[in-house]
Amino acid sequence: MSKLWGGRFEQTASEWVDEFGASIHFDAQLVLEDIEGSIAHVTMLGEQHILTADEVVQIVAGLKTLAKKAQADELTFNVFHEDIHMNLEALLHEEIGPVAGKMHTARSRNDQVATDMHLHLKRRVLETIDGIEAVQTALYDHAAQNVESIMPGYTHLQRAQPVSLAHHLLAYFWMLERDKERFSDSLKRIDMSPLGAGALAGTTFPIDRHRSAELLGFAQVYPNSLDAVSDRDFILEFLSNASLLMMHLSRFCEELILWSSEEYRFITISDVFSTGSSMMPQKKNPDMAELVRGKSGRVVGNLMGLLTIMKGLPLAYNKDLQEDKEGMFDTVKTVQGSLSIMAGMIQDMTFHTETMKQATERDFSNATELADYLTAKGMPFREAHEVTGTLVRYCIDQRLYLSELPIETYQAHSKLIEADVYEALSPVTAVKRRNSYGGTGFDSVRIQLTEAKENLPTHA
C-alpha cells in the first residue's frame, strides 16, 4: 500500500514514524465535518463543470454512505493514512473506486483541515452558549427567590458590608453574560470559509469559493489564501474566551467550597455533586466544585500551548499546526462538561439564608452605615470615618458590636447620634437602602432581575 501523496518518495517511513506523525487518533472527531466539506466542494466542482455530473453523483453518494457508517460507528481508520482526510479518501475509494481520487481536485489538506475546524468550532461555540445560559438560568432562579435574603459581603475575604444573596448570585450572572457575548462575537471570525485556498496560493481551476462557502453555511470567505490556511486566530480566540469562562466558574466554585464548609455553613451541595472519604466516614467533599476549579488550569494551559506553537510559525501551513486540535477538542469537552456540572449543582443547591443573615449580625459590616449616618447629619465623611473607627475599636476592646452600644456611649462621641441610629445599623436596613443603580438594595436587585431575564431563553 502506498501513500496517497507518495509518488515523489523512494523510501517509506517506519511504522513508528507513521505513528508519531499521524493525527487520526484525534482528528477522527472531524469525520462528519470532513465529509460535509467534501460534499460541498464536489458539488461546487460539478457546478463549475470541473467534474462531470455523473462523477459528482458517485462521489456524493459514496460520501453520504460513509457519513451513515460514521454515525453508526462502523468506520475503521488506519494510522498509515495519517489523518481523517486521507482515511476518508481511502475509504471512499473502497466504496466507489478510482473516481474517489477526483474528490481532491482543486483542494489541499491545508484548506480542508481548516474548513473542518471552522465547521466544528462553529457548532461547539453555539453549544457552549447554550451551556452558559443553563448556568445563568440556575443562578437567576435562586436569585429571584432570594432578593431579600441577606448575607455578608466580603472584600479581602473579610466581612465588608451586608448584601442581598440575589445580588451576589447576579454578579456571576453578569460575568457569564459577558462570556456569552464574547463567544457570540467570536462567531464572526469562526464563520469564515478557507475552502478553496489550496495549499497556500489558490488554484488554477475555475472554482467558486463563495459558492462552496454558501453550501456550508459560512457567512464569509477568507480573502487571502495564505491567511486562510495558516490562520488559527479563531481557535486561539475560542481558547481565550474559554479560559475567561473557566476562570469565572472557578471563582464561583471557590466560594461554593468555602460556603459549604463547617466554618461557613451557608450552603449544602447536593449529594449528587459530592463525594465521601475512603478513610473518614463523616466527610462530604465538594469534589465537583473542586474539579471545575482545577480544570480551569487545564483550559488555560491549552491556550498557552497553542499561543506558544503559533508565535514562531512562518507562512503558510506547517506541520506544527497539527498540534492545534487536541487542545481545542479537550477544551470543548472540559468547558461543556463543567457547564453541565455547574448548572445541575447550582440548581440543586440549598442556601441556608438564616445562617447567612445571622452572620451579618455578629460583625462590624454595618460600620459604613454609621459613617453614612453621621455624614447625612452634616458631619464631613472623613470625620465620620474617624468617629466610626474609634467606636469600632472601643467595641473590640469591650467585646461588643455596634448595635449593642448604649446611646450614651454614642453621644459621648458625637451629639449628632440619636436613637434612630439602631435602625440605621440593622443589616436589613443597610441592604435595603442601597438602591443606586447596580446596588444591592432590594428595589435595585429587582431591576437587575428584570434586565437579567431579558438575556435568558424564553423559558427562564
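The following dialogue discusses how to read several features of a predicted model.

Trainee: Which conventions apply to this model?

Mentor: The model is predicted: local features need pLDDT of at least 70 and side-chain atom pairs count only at pLDDT 80 or more, while totals for chains, interfaces and linings use all residues. Residues are numbered from 1 along each chain as its sequence is written, and side-chain values use heavy atoms, with hydrogens and water left out.

Trainee: How many helices and strands does the protein have?

Mentor: Helices (H or I, at least four residues) and strands (E, at least two) are DSSP runs, numbered from the N terminus. Here the protein has 19 helices and 6 strands.

Trainee: Why is the protein described as more spread out than a compact globule?

Mentor: The radius of gyration is taken over C-alpha atoms, and the globule rule is 2.2 Å times the number of residues to the power 0.38. For 460 residues that rule gives 23 Å, whereas the protein has a radius of gyration of 31 Å, well over that value, so it is more spread out than a compact globule. Along the principal axes, its C-alpha atoms fill a box of roughly 100 × 50 × 45 Å.

Trainee: What makes up the largest nonpolar core?

Mentor: Buried means under 20% relative accessible area, exposed over 50%, and partly exposed in between (1.4 Å probe, protein chains only). A nonpolar core is a set of buried Ala, Val, Leu, Ile, Met, Phe, Trp, Tyr and Cys residues joined through side-chain atoms within 4.5 Å. The largest has 79 residues, and those with the most contacts inside it are Leu 121, Phe 252, Trp 259, Ile 267 and Met 342. Helix α10 (residues 233-259) gives the most to this core, with 14 residues. Another core, of 29 residues, lies apart from it and includes Ala 22, Val 31, Ile 39 and Ala 70.

Trainee: Which residues does Trp 259 contact beyond its sequence neighbours?

Mentor: Contact means heavy atoms within 4.5 Å. Leaving aside neighbours within four places in sequence, the partners of Trp 259 include Met 151, His 168, Phe 252, Arg 265 and Phe 351.
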